[in-house]
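Me: Hey, can you walk me through how some helices pack in this one? Keep it simple please.
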Amino acid sequence: MSKRVKFSVEEKLFSITQVLQSKTSIHAETKRIGVGSNTLTDWIFNYEREGIEGLKERKTWTRYSEETKKAAVKAVVDHGQSLRVVTKKYHISSHSVLRQWISKYTSKEEMKSTSKGSSKSKMNPGRKTTYKERIEIVQYTLAHELDYGKAMENYQVSYQQVYSWVRKYQSLGEEGLKDGRGRKKEREELTELDRLKLENKKLQAEKEQLEMEVAVQKKLREIRERFNR
């Protein structure tokens with residue numbers, strides 16, 4: 001795993017102003033500095049909300065109540081909301097913090113209650129899938145920049161399933177998505193027609209992601225106009 005690069009406030013601000021002043025695109029800037037588009041977009045939105053303070057590394061841990069953690073996780077796992085929406089809604093410091101909560105939740109059968117006598121929240125068990133479905137789900141998730149919540153909602157599977165399949169695909173390719181359980185496992189192969197259908201669905205997912213990016217660009221233009229006043 002590659003070491004995470006830390007950026008100074010000045011470096012973040014330079015990238016933000018390059019985008020807001022229309023000197024470069026989000027795609028070009030993220031490629032230059034080696035981060036995902038979600039990261040740079042987060043910097044821009046945090047800068048809009050809190051100014052320079054929003055770009056500083058947190059020197060102390062932000063404390064979240066158990067109730068907030070549970071509500072945020074359930075919004076993603078049970079209701080299929082995106083990480084971005086939930087992070088903003090519950091004022092969570094970053095997507096990675098929310099991912100940690102989700103990972104903890106999906107690795108156990110239940111989540112700690114916020115008070116005595118409260119019912120415990122069971123994790124989504126997911127469902128059985130075919131080899132073809134797993135490929136399609138992974139392609140959809142990658143096309144939507146690892147939006148696991150969106151994939152869950154669209155395919156009615158669990159967060160842990162999607163997360164596991166994406167990791168396997170990134171490490172082993174399509175072979176990593178074959179079900180190796182059972183001594184009499186049916187041979188899992190794709191026909192040419194299957195591949196054509198998957199490619200078509202992949203293109204549809206990429207089109208959907210592009211439309212979302214257009215909406216983000218519209219929001220950025222609004223921020224840019226305020227920034228340049």
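Me: How close do the axes of α7 and α8 come, and at what angle do they cross?
Reply: In this predicted model, the axes of helix α7 (residues 131-143) and helix α8 (residues 148-155) come within 9 Å and cross at roughly 140 degrees. Axes are lines fitted to C-alpha atoms, for helices over the stretch in contact, with angles from 0 to 180 degrees between N-to-C directions. Helices are DSSP runs of H or I, at least four residues, numbered from the N terminus.

Me: Which residues of α7 and α8 make the contact?
Reply: On α7, Glu 136, Ile 137, Tyr 140 and Thr 141; on α8, Tyr 148, Lys 150, Ala 151, Asn 154 and Tyr 155. Contact means heavy atoms within 4.5 Å.

Me: Switching topic, what about α1 and α3?
Reply: Helix α1 (residues 9-20) and helix α3 (residues 37-50) have axes that come within 10 Å and cross at roughly 90 degrees. That makes α1 roughly perpendicular to α3 (the label covers 65 to 115 degrees).

Me: Who's touching there, on the α1 side?
Reply: Lys 12, Leu 13, Ser 15, Ile 16, Val 19 and Leu 20 of α1, and they meet Leu 40, Trp 43, Ile 44 and Tyr 47 of α3.

Me: And where does Gln 170 sit?
Reply: Gln 170 is in helix α9 (residues 159-172). Leaving out residues up to four places away in sequence, Gln 170 touches Leu 142 and Leu 146. Gln 170 is also 9.5 Å from Val 138, C-alpha to C-alpha, though 32 residues separate them in sequence.

Conventions. Residues are numbered from 1 along each chain as its sequence is written. This is a predicted model: local features need pLDDT of at least 70, side-chain atom pairs count only at pLDDT 80 or more; totals for chains, interfaces and linings use all residues. Side-chain values use heavy atoms; hydrogens and water are left out. Helices (H or I, at least four residues) and strands (E, at least two) are DSSP runs, numbered from the N terminus. Angles under 35 degrees count as roughly parallel, over 145 as roughly antiparallel, 65 to 115 as roughly perpendicular and the rest as oblique.
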